[in-house]
Amino acid sequence: MSRPAILTPRKTVGHATPRVDARERVTGKATYSGDVQLPGMLYGRILRSPHAHANIKRIDVSKAMALPGVNLVLTHENCSIVWGAGSVSGGRHYVDSIKKSTRQRRYVFNNPVRFYGDPVAAVAAVNRHVAEEALRLIEVEYEPLPFVLDQEEALKPESVKIWPEGNLALSVENTAEPEIYKRGNVEEGFRTSDFVFEDRYTTTYVHNAQMEPRVCVASWEGDKLTLYTPTQGTSNCRHDTARDLGLPDEKVRIVCQYMGGGFGNKNQNQDVDLITAMLAKQVGAPVKVELTRKEDFIGVHGRWPTTQYYKVGVTRDGELKALQLRGYSGMGPYRKNTGAIGGVELYQCANVESTVYAVYTNRAVSGNYRAPEFPQGFFGIESMMDDVANKMKMDPVEFVLKNMTRKLNDQTPYSNYTLEECVRRGAEAFDWKKRWHAPGADAGPIKRGVGMSFMALRSPLGQSSAVIRLDSNGRYTLFVGVTDIGAGAKTTMSMIAAEALDTALSNVDIVWGDTDRCPFSVGESGSRTTDMTGGAVIEAAADLKAQIAAKGMPKGSEALIASASPNPSSEGKVRKAFGAHFVEVEVDTELGRVRVLKYLAVHDSGRIINPLTAESQIKGAATQGIGMALHEDLLYDRGSGQPLTSGYYGARIMTHMDAPEIEVIFIESDDGYGPFGAKCIGEAGIVHAVAVVGNGIFNAIGHRIKDLPISRDKILGAMA
Amino acid sequence: MGFRKDIMSKRKGDISRRKFLEGTGAVLAVTTVAPSLKPHLSAAGAAEVETTPAGVPTTSIRLVVNGAEHSAVVEDRWTLVEFLRDHLRLTGTKIGCDRGECGACTVLLDGKPVYSCSNLAVWADGRTVQTVEGLAHGDQLDPLQQAFIDHDGPQCGFCTSGQLMCAKGLLAHNPHPTLEEVKAGMTGNICRCSNYNHYTEAVLAASSQQTAAADRGAGRNVAANAQGSGSRRVTPVSTRSTGGAR
């Protein structure tokens, strides 16, 4: 294994630093999109489908329009915007051509409606109470249609067709085919294996449940639209909105100063942005649309549920010979993402075959939620491999060290490789050898067990931009198009700038979150901001330093301005962040209750720019993963197709009382790419957090729970 | 969260929770805000035009918010958080769920943490409200605010005001909570960024700092207090309250 290079200490980067905007966050001064109030602003509300699948036969808005204070009602009859962002076939975001070519278009108002929560109409009124009252006065006649909720069932021939082409989501070429990956020959692999194991795992729809529900304030000045909206990428949101509304990019301004989390829920633009823009345009006044918590749960999107069939062939001494996955991902009725199931790439194996079907169902739409395809996929494969190791009477850590990836897909080298160190350091710090025991070995009803899981997560380089201005008073102003979703991008970018400019952090001001004031930024999704926009900041700083060297410091009204839009590559190597999690759980087998007693997260995310906020990221991600493992779920009534648990209580989101202490160890390395060697971090902590809890529970009770969440009823059922 | 009977009896007879949720509406009218409210609103920099339809029940209330007295005519259906955010422009208090699940809207009502989404503005008549904007004294942050900064409590920050106000109420009631007591006291305040470890660390840190400051103020030996012999600061808690947030 390669040893990480010894890191050169830096002046600013690498030191635990409170956020540059921390004071605003604790004094209530931080302005979130919902805090924006404009003169003459109206309030909008959205009417949503009460059916999982139905034709709209008739909409009568006359009573709603007659209500004093109501200005406008939009329905599919008077508004037919095609919503293109991530919602069209193939899930390849930002590709305008797909929007034109796909046969499966999503309108902001659809007929038929295809899930409980599909927008049917929107109202603009003088205040939110009148708008809510108006919704109740809209008369809609529905013709309910059969519906299907399960992704595997939806592919059966007798299932209702949600789209004329069928329920297998169309590719970018409008063809109905699963995503297939192959290397070697799995049949040959299974034939030469000493043991072959097969199993089925399922995961559920888990909602992002970010604290700030989606909200949008739209304002038109002439033909220019300004949206105050929480988005994880102002540049992408602007382009998507402009494309969907048929405007040039420069006629759309996106402002997002502070935002209350997103975890992928606020990537690009959302239908509510378009609805708000259309309401504001047609009434000729600014409009604010606020989604309720329930609407956000069912009307935006969460993690796609999956069904995963694995077949694994191993030799007598525990070496992987063949690995096969057949998976089904439930996308809801509109495709917002790939529906991929990650994890197969974690293992070194000559013969691999993965076939994943992205399937339409009449559930809430699935889309990005922190590491979109990984926690559910890793739960499947890491449970499967843990099971194989146990059946082979091997220590799971030994099995992992024997079979884990050394090159991507056994072919492409990593830019550096510290996975083995993550696993070994973690096992040592956790005292794995001492704690691990035969599954279900504890006598008595309270049983303890330990689990381990590991991960490698893409950390690519890519294009982003930054501008830095130096004024004669010696202050630097950094212009970056980031929004601070909560990961601390403003602080990270400022620290990188201070380091690269060789100045104190206090000399750097930052301008962010406004497309009229900032250059393009890649967007706070895919854990990319530090890598990509951070790289642009370093280049702009280098340019500025060169200007200072050539021209001297600016005087009087002079200013020096530097900009950079680099598009670096890692030269044929694959950049990945690595990690290993270890957990000890206690299961009360009489109550079915699981407590996490000890949780250790070891990560190599390259150089850590700000240890304080980086720790927060890992702890938060791991805690979300524990919630997904143990109790989070959006349950549906099979009879009516209605969601039953849309909210914090119902979906059982983690609370103070649920959250264990998370111990974090960073192994820092510098692969020579990325800003000062930094790699991705935001999603890294959740990727294997679900799997590790499942493995810990197995070790405690000796029964494998194969369907998420591992709730009390399932544990009691397994113990009965 | 439940509502105590003495609060329920303060309601006007015709406002049931059901009716409040259903809302009503008839003819548009403009409600003039009470004179004493006007200076505050103009100070907030916004020309307020109220749009209360005729026939919508309204009530005149007087209350103290962050030490300043206000009187206002409120629609009976307005929640306390709606009044604070939209009409007093105190937008530091956030709405996460608007249904008593998440705690983002927690404020202190007569010193006790409550969900302001689950209280009507009219119920605050004659009472004292403290929001996140009232925590700092000028530039001097409350020890809790400083601890939240130092321990990186807020990630996205949307639940932070609620966490702060809940912690403020907790420490007023129990200046020396254990970790378990902090978790139990604040479990009604969800943080989806799940920075729970840092929030509880921050509250414990502020708790010890608060004690040290109180002891310095009282001329006591801080070192002695650290060994557990110091006095406990007692903050009176009003008996008129709607109960803690969950």
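E101 of chain B lies in the loop between α4 (80-87) and β3 (106-109) of that chain, where helices (H or I, at least four residues) and strands (E, at least two) are DSSP runs numbered from the N terminus. The model is predicted: local features need pLDDT of at least 70 and side-chain atom pairs count only at pLDDT 80 or more, while totals for chains, interfaces and linings use all residues. Residues are numbered from 1 along each chain as its sequence is written, and chains are lettered from A and ligands numbered from 1 in the order in which they are written.

E101(B) counts as buried because it has 22 C-beta neighbours inside 10 Å; the class requires 20 or more other C-beta atoms within 10 Å of the residue's own, with 12 or fewer for exposed, partly exposed in between, and C-beta atoms placed from the backbone. Leaving aside residues up to four places away in sequence, E101(B) touches G647(A), Y648(A) and Y649(A). Contact is defined by C-beta atoms, placed from the backbone, that lie within 7 Å. A separation of 17 Å is found between the C-alpha atoms of E101(B) and G157(B), which are 56 residues apart along the chain.

Between the two chains, 52 residues of chain B are in contact with 51 residues of chain A. On the chain B side, two or more residues each come from α5 (143-150), α6 (160-173), α7 (179-186) and α8 (196-217). This side has 23 nonpolar, 19 polar and ten charged residues, with Ala, Val, Leu, Ile, Met, Phe, Trp, Tyr, Cys and Pro counted as nonpolar, Asp, Glu, Lys and Arg as charged, and the others, Gly among them, as polar.

Chain A has an open sheet of four strands in the order β17-β22-β23-β24, with mixed pairing; strands pair if DSSP finds at least two bridges between them. β17 (446-458) and β24 (663-666) of chain A are the edge strands, each pairing on one side only. Strands β22 (576-588) and β23 (593-604) of chain A are antiparallel over eleven bridges, and F578(A) has D604(A) in β23(A) as its bridge partner. Helix α16 (689-701) of chain A packs on the sheet and touches β17, β22 and β23 of chain A, its direction making about 155° with that of β17(A). Axes are lines fitted to C-alpha atoms, for helices over the stretch in contact, and angles run from 0 to 180 degrees between N-to-C directions.

Elsewhere in chain A, the axes of helices α10 (396-403) and α11 (419-430) come within 10 Å and cross at roughly 165°. V397(A), V400(A) and L401(A) in α10(A) meet E420(A), V423(A) and A427(A) in α11(A). The residues of this contact are five nonpolar, no polar and one charged.
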